[in-house]
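Q: Hey, I'm new to this one. Can you walk me through it?
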Amino acid sequence: MNAPTPNIFAATPLARKKQRREQLARAVFFTMALLLVVPLVLIVTYLVVQAWPVLSWEFLTTNPKRGMRAGGIWSALLGTFYLVGFSLLVAAPIGILAAVYLNEYAKDNWFTRIVNLAVINLAAVPSIVHALFGLGAFVIFFGLGKSILAASLTLAIMTMPVIIASTKEALAAVPQSFREACWNVGATRWQTIRHVVLPNSISGILTGVILQVSRAAGETAPIMFTGAVFFKAIEEGNLFAYGLRDQCMALSMHLFTISTQVPDVPHGLPFATAVVLLGTVLFINALAIILRVWLRSRKKW
Amino acid sequence: MIPAPHIEIEGLTVHYGAKPALRGVSFTVQRNEILAIIGPAQSGKTTLLRCLNRTLDHERHARVTGVIKVDNEDIRRTNNVYDLRRRIGMVAPLPVGLPLTIYDNVAFAPRMAGITDRAELEQRVERCLRQAALWDEVKDRLHTLGTKLSGGQQQRLTIARALSHDPEILCLDEFSIAIDPVTTMRIEDVLKELRARMTILLVTNLVQQARRLADRTAFLFNGELVELDATEKIFSETPRDRRTYDYTHGVFG
């Protein structure tokens with residue numbers, strides 16, 4: 001007769017314990033992810049609901065009116081684009097190229113170590129300190145005055161260390177064996193960087209730069225002393241309405257003024273400004289993501 | 001008359017920090033010779049190869065003393081290290097497919113050396129892939145990613161890349177650990193053909209492989225060159241050094 005074969009897949013106490021732990025771990029991680037998403041969704045929803053009556057195309061394209069109690073945010077929106085754009089134009093090339101040097105060329109000596117330490121410390125400096133530096137250096141010492149140029153340079157100084165740090169991370173993530181394979185066939189360091197290291201780290205580098213876009217767009221302190229003004233009317237609809245030596249308005253600063261400094265501002269106005277600031281950052285991020293996807297598809301990787 | 005040696009190594013010593021990796025190694029390699037280098041892990045085999053193409057320069061803590069001459073030229077003094085590396089093909093133990101297409105992987109070195117002519121590149125790519133016994137498997141998908149190939153195929157791709165810049169010296173560092181035996185035999189046949197055109201340094205842990213291919217065999221142990229002799233002598237019952245016998249006959253290790 002056939003004796004019933006013992007079921008080898010029967011749950012032992014140990015297996016049950018492992019399964020319970022697995023479920024617990026999963027639940028904890030899921031809860032944390034949820035805790036992350038829920039406030040974000042709530043905040044954005046609340047903002048959009050409050051801002052909805054005010055938001056319109058006209059809101060974007062007209063200057064603030066009647067002591068900022070009416071009208072749109074055109075001059076602040078354009079100002080933010082100028083500030084972020086020029087600061088990136090300065091910070092991204094210098095930051096990325098410096099990081100390439102530090103990661104690919106520099107020998108491990110006291111000088112490199114000091115530079116690396118300086119970069120890390122600079123990244124941790126509060127933005128108000130950068131603001132004072134910008135005021136002293138660009139506005140006064142270099143005589144740029146309070147201007148878009150001085151404010152962008154201040155933002156660039158603030159974002160550059162973080163760009164350097166994130167670019168170095170992205171470069172370090174490229175396996176060393178790729179570089180060795182290139183050197184083994186007689187490729188120079190530059191050829192190796194150009195053909196293998198950069199193509200494989202470009203998306204990581206861009207991610208680091210994108211994050212700094214959001215930071216540059218959101219900061220108030222560094223631009224307050226160096227180029228941003230309370231109110232300025234510019235020609236509506238003209239993308240080149242600001243000159244580099246002009247002072248400008250900026251969304252972050254505008255949001256600060258209308259929520260705290262100006263009495264009797266209509267309820268929806270600050271919310272709408274916040275939504276536009278958020279949307280601007282998302283828009284720039286989206287552009288960078290598209291660029292990243294395009295770069296990747298070109299590399300077939 | 002004995003012809004001038006192709007490679008001449010004199011008193012080569014390498015330290016990683018305070019730890020010695022090679023201790024005063026001296027030997028010569030004749031042109032078109034296959035020299036096998038055997039020895040247990042940590043005996044300095046890979047370090048030796050990396051000295052030869054000077055990629056050890058990139059290692060921050062390595063200190064090198066001694067003389068290495070290729071064609072009677074001191075390579076440790078040459079300024080043109082890139083030219084030196086183009087004269088040497090290097091195959092690492094684990095395959096490194098660059099994240100490029102199969103074609104670009106093989107065409108990489110010629111392109112870096114300045115060859116832009118399409119016909120010549122194509123011809124080279126085909127020749128090297130054939131020599132690495134890979135052509136038939138990939139000829140229809142040369143423009144797919146090299147990193148998508150299987151491990152064994154990637155290793156053959158690495159070999160094709162090492163041949164792509166027409167080296168006069170080919171260094172293989174345990175090339176067969178990621179390849180199946182049939183392919184290994186095919187590549188061994190290729191090596192036998194290639195020796196007419198180049199000098200081959202073969203680091204291997206497979207005693208039989210050294211026996212099949214090498215004219216002479218060097219036994220490295222603890223960074224020291226214990227013995228270098230004709231391959232039959234090394235693997236015979238009576239090598240000059242007791243430790244060689246112990247190693248090749250599996251008494252220790």
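Q: Which of the elements of chain B has the lowest mean pLDDT, and which the highest?
A: This is a predicted model, and among the elements of chain B the lowest mean pLDDT, 86, belongs to helix H10 (residues 242–248) of chain B. Strand E8 (residues 199–203) of chain B has the highest, at 93.

Q: And what does chain B average in pLDDT?
A: Chain B averages 88, and 98% of the residues score at least 70.

Q: What ipTM does the predictor give the complex?
A: The ipTM is 0.85, and the pTM comes out at 0.82.

Q: OK, new topic. In which sense do strands E1 and E2 of chain B pair?
A: Antiparallel: strand E1 (residues 7–16) of chain B pairs with strand E2 (residues 19–29) of chain B over seven bridges. As one spot to look at, Leu12(B) stands opposite Val25(B) in E2(B).

Q: How many residues sit between the strands in that hairpin of E1(B) and E2(B)?
A: Two residues. In this hairpin Gly17(B) takes a positive phi near 65°.

Q: Where does Gly24(B) lie?
A: Gly24(B) is in strand E2 of chain B.

Q: Why does Gly24(B) count as partly exposed?
A: Because Gly24(B) has 14 C-beta neighbours inside 10 Å, and partly exposed falls between the exposed cut-off of 12 or fewer and the buried one of 20 or more.

Q: Which residues is Gly24(B) in contact with, leaving aside neighbours within four places in sequence?
A: Gly11(B) and Thr13(B).

Q: And how far apart in space are Gly24(B) and His249(B)?
A: They are 26 Å apart, C-alpha to C-alpha, and 225 residues apart in sequence.

Conventions
Residues numbered from 1 in each chain as written. Chains lettered and ligands numbered in written order. Predicted model: local features only at pLDDT ≥ 70, side-chain atom pairs only at ≥ 80, totals over all residues. Pairing = 2+ DSSP bridges. Helix = DSSP H or I, 4+ residues; strand = E, 2+ residues; numbered from the N terminus. Contact = placed C-beta atoms within 7 Å. pLDDT = per-residue confidence, 0-100.
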